[in-house]
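Please read it alongside the model.

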Amino acid sequence: ATEGHAPIAIRLAPHSDQESGQDGWMLTVTDHGKGIPADVLDRIFVPFFTTRSDGTGLGLPVVQQVVLLHDGQVSARNHPDGGAEFTICRPQ
């Protein structure tokens, strides 16, 4: 949802789950757009919720379901420097 030609950063790094101690990987996608409004952020993984006139509201719920089926977790937050950050953590 970044406007114009703003860069999008994609990082893959080793990750250790703090609760289980299990090693895995963390994929982070960060943009430098306007971020996600707080009232929207709480609902982005709800099926059929969309803020776009041409959207179905299935993109992020499908991502979440695929990640969960692979024993991972997905989260989203607003980046402190502006923009949004999506993180997928998955065990090895």
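Thr28 touches Ala9, Ile10, Arg11, Glu85, Phe86 and Thr87, leaving aside residues up to four places away in sequence; contact means heavy atoms within 4.5 Å. This is a predicted model: local features need pLDDT of at least 70, side-chain atom pairs count only at pLDDT 80 or more, and totals for chains, interfaces and linings use all residues. Residues are numbered from 1 along each chain as its sequence is written, and side-chain values use heavy atoms, with hydrogens and water left out.

**Strand residues**
- Thr28 lies in strand S2 (residues 23–31); strands are DSSP runs of E, at least two residues, and helices runs of H or I, at least four, numbered from the N terminus.
- Thr28 is buried because its relative accessibility is 2% (buried is under 20% relative accessible area, exposed over 50%, partly exposed in between; 1.4 Å probe, protein chains only).
- Its contact Ile10 sits in strand S1 and is exposed, at 62%.

**Loop**
- Phe48 is in the loop between helix H1 (38–41) and helix H2 (59–69).
- Phe48 is exposed, with a relative accessible area of 62%.
- Phe48 touches Thr56, Gly57 and Leu58, not counting residues up to four places away in sequence.
- The C-alpha atoms of Phe48 and Pro61 are 8.4 Å apart, across 13 residues of chain.

**Core**
- The largest nonpolar core has nine residues, including Phe45, Val67 and Val74; a core is a set of buried Ala, Val, Leu, Ile, Met, Phe, Trp, Tyr and Cys residues joined through side-chain atoms within 4.5 Å.
- Val74 touches Phe45, Gln64, Val67, Thr87 and Ile88, not counting residues up to four places away in sequence.
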